[in-house]
Amino acid sequence: MNRVPLAERMRPKKLEEVVGQDEIIGHGKILNKIVENKEPVNIVFWGPPGTGKTTLARIIANEFKADFIEISAVTSGKKDVEKVVEIARQNWNLQLRTVLFVDEIHRFNKAQQDAFLPHVESGLITLIGATTENPSFEIISPLLSRSRVIVVKALTHEGIVQVLKRAIKLEKVTSRVDKKAIDYLAELSAGDARVALSNLELSLSLAKKVTEQTVKQAAGRKVPGYDKKGDNHYDNISAFIKSMRGGDVDATLYYMARMVEAGEDPKFIARRMVIFASEDIGLAGNGALGLATDAFMAIERVGMPEGGIILSHVAYALAKAKKSRESYDAWGRAQSLAHKTMGLPVPIWLRNAPTKMMKDMGFGKSKSGQRQQWTAGFHLDQNYLPDEIKDEKIA
């Protein structure tokens, strides 16, 4: 039995062997230019798991004929970084480049990232980081400004199929895996080549003939590439809200289903719909807020999976509803004006007059001197704003 995992055995050794990254690999593309120039470039690879970030780092280091040192920000600390720096100094004396690859670099805190700076600036280390999170938020600006951010995309279904067929051919098991099994492996992978190859390897160990049923047995329930605190979480909720805003019911229900399938808290989805009801529907459908609020309370009482029916019902209605941002925009203007004019006094005729002295001073009286009678629609001709901003329009 080969103890090296299939995903590791199938790891590409050259850029031309990498699948699914046509935007960054190929004639005239960024990675080819970096390799051809033979000049060290600090890189941050940003993309989902299993898309080849580590592989690309290894290929680049090999092309540079550099000493490749790999650490993980999850398990490494300050002492590990110090060891790398010492090795890099020794390599420098031998006129050998050092490429340090930091997997999940976003897990390093600010102080740990700061420790790289002087060695990156001096050229002692060529840093290649890999992250699944947005570098703008997770990597310190000084380090980011000295690096080239390269986006690595999730593989398409066709790309995963290509990876699987290559592995099946090289492993000489073509007759053992049927086409439906390959398609299902690709479907389950969610664009992650490592997941696809691992599931293939496990399936081959379970049966002489790998079918779709074999894959289901091997892989179990699909776990999408979804992290409730990561980019995928925010990307999906953003797509869900924008789809409702655009009135696309199909997309609305699709993105909501993705979140539910990934184990998202249904109350989080319901809360977003409550906000949406006022922010985007507002005055165009005053019943929307009540409907969304009822959905939130219903989710609390019913739970899942039946709560999915409630979410679907309300999301469908919100997507189809007429939209108006009048009240939302007016609130923004009100906040801005209030922030600028907090010091202005409330007009005297709008103030309470609980004491005789305050009444004698004119509190609660109109400019004509009449005591106000606060009934609906009364004194609509009065100016309710402070005199200094009486001509401002908010709504």
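These legends walk through several close-up views of a predicted model.

**View 1. Helices α16 and α17 pack side by side.** Helix α16 covers residues 287-302 and helix α17 covers residues 307-320. Their axes lie 9 Å apart, and the packing angle is about 170 degrees. That angle makes α16 roughly antiparallel to α17. On the α16 side, look for Ala 288, Leu 291, Ala 292, Ala 295, Ala 298, Ile 299 and Val 302. They meet Gly 307, Ile 310, Leu 311, His 313, Val 314, Ala 317 and Leu 318 of α17. Sorted by class, this contact has 12 nonpolar residues, two polar ones and no charged ones.

View 2. The bond that joins Met 304 to Pro 305 is cis, with omega at about 10 degrees. As background, most peptide bonds are trans.

View 3. Helix α10 runs over residues 179-189, and its buried residues are Ala 181, Ile 182, Tyr 184, Leu 185, Ala 186, Leu 188 and Ser 189. These buried residues pack against α9 (157-170), α11 (193-206) and α12 (212-219). Just after the helix, Ala 190 takes a positive phi of about 55 degrees.

**View 4. The largest nonpolar core has 26 residues.** Those with the most contacts inside this core are Ile 160, Leu 164, Val 177, Leu 197, Leu 200 and Val 215. The elements that contribute two or more residues are α1 (6-9), α9, α10 and α11. Which residues does Leu 200 contact, leaving aside its neighbours within four places in sequence? They are Leu 6, Leu 164, Ala 167, Ile 168, Val 177 and Leu 185. A second, separate core holds 24 residues, including Ile 241, Ile 269, Leu 311 and Leu 318.

**View 5. Helices α11 and α12 cross.** The axes of α11 and α12 are 9 Å apart, at an angle of about 110 degrees. The two helices are therefore roughly perpendicular to each other. From α11, the contact uses Asn 199, Leu 202, Ser 203 and Leu 206. From α12 come Thr 214, Val 215, Gln 217, Ala 218 and Ala 219. By class there are five nonpolar and four polar residues here, with no charged residues.

**View 6. Helix α3 is largely enclosed by the rest of the structure.** Why is α3 described as largely enclosed? Eight of the 11 residues in this helix (residues 53-63) are buried. Just after α3, Lys 65 has a positive phi of about 55 degrees.

**View 7. Ser 76 lies in the loop between β2 and α4.** Is Ser 76 buried or exposed? Its relative accessibility is 13%, so Ser 76 counts as buried. The side chain of Ser 76 reaches the backbone oxygen of Ser 72 at 2.9 Å. Leaving aside neighbours within four places in sequence, Ser 76 is in contact with Ile 71, Phe 108 and Gln 112.

**View 8. Gln 95 and Glu 104 both have a positive phi.** Most residues other than glycine have a negative phi. Gln 95, in the loop between α4 and β3, has a phi of about 60 degrees although it is not a glycine. With a relative accessible area of 78%, Gln 95 is exposed. Glu 104 belongs to the loop between β3 and α5 (110-114), and its phi is near 55 degrees. Glu 104 is partly exposed, at 24% relative accessible area.

**View 9. Ala 338 belongs to helix α18 (residues 326-340).** At 32% relative accessibility, Ala 338 counts as partly exposed. The C-alpha atoms of Ala 338 and Pro 135 are separated by 36 Å, and the two residues are 203 residues apart along the chain.

Methods:
Residues are numbered from 1 along each chain as its sequence is written. This is a predicted model: local features need pLDDT of at least 70, side-chain atom pairs count only at pLDDT 80 or more; totals for chains, interfaces and linings use all residues. Side-chain values use heavy atoms; hydrogens and water are left out. Axes are lines fitted to C-alpha atoms, for helices over the stretch in contact, and angles run from 0 to 180 degrees between N-to-C directions. Helices (H or I, at least four residues) and strands (E, at least two) are DSSP runs, numbered from the N terminus. Angles under 35 degrees count as roughly parallel, over 145 as roughly antiparallel, 65 to 115 as roughly perpendicular and the rest as oblique. Contact means heavy atoms within 4.5 Å. Ala, Val, Leu, Ile, Met, Phe, Trp, Tyr, Cys and Pro count as nonpolar, Asp, Glu, Lys and Arg as charged, and the others, Gly among them, as polar. Buried means under 20% relative accessible area, exposed over 50%, partly exposed in between (1.4 Å probe, protein chains only). A nonpolar core is a set of buried Ala, Val, Leu, Ile, Met, Phe, Trp, Tyr and Cys residues joined through side-chain atoms within 4.5 Å. A polar contact is a pair of N or O atoms within 3.5 Å; within protein, one must be able to donate a hydrogen and the other to accept it, and residues adjacent in sequence count only if both atoms are side-chain atoms.
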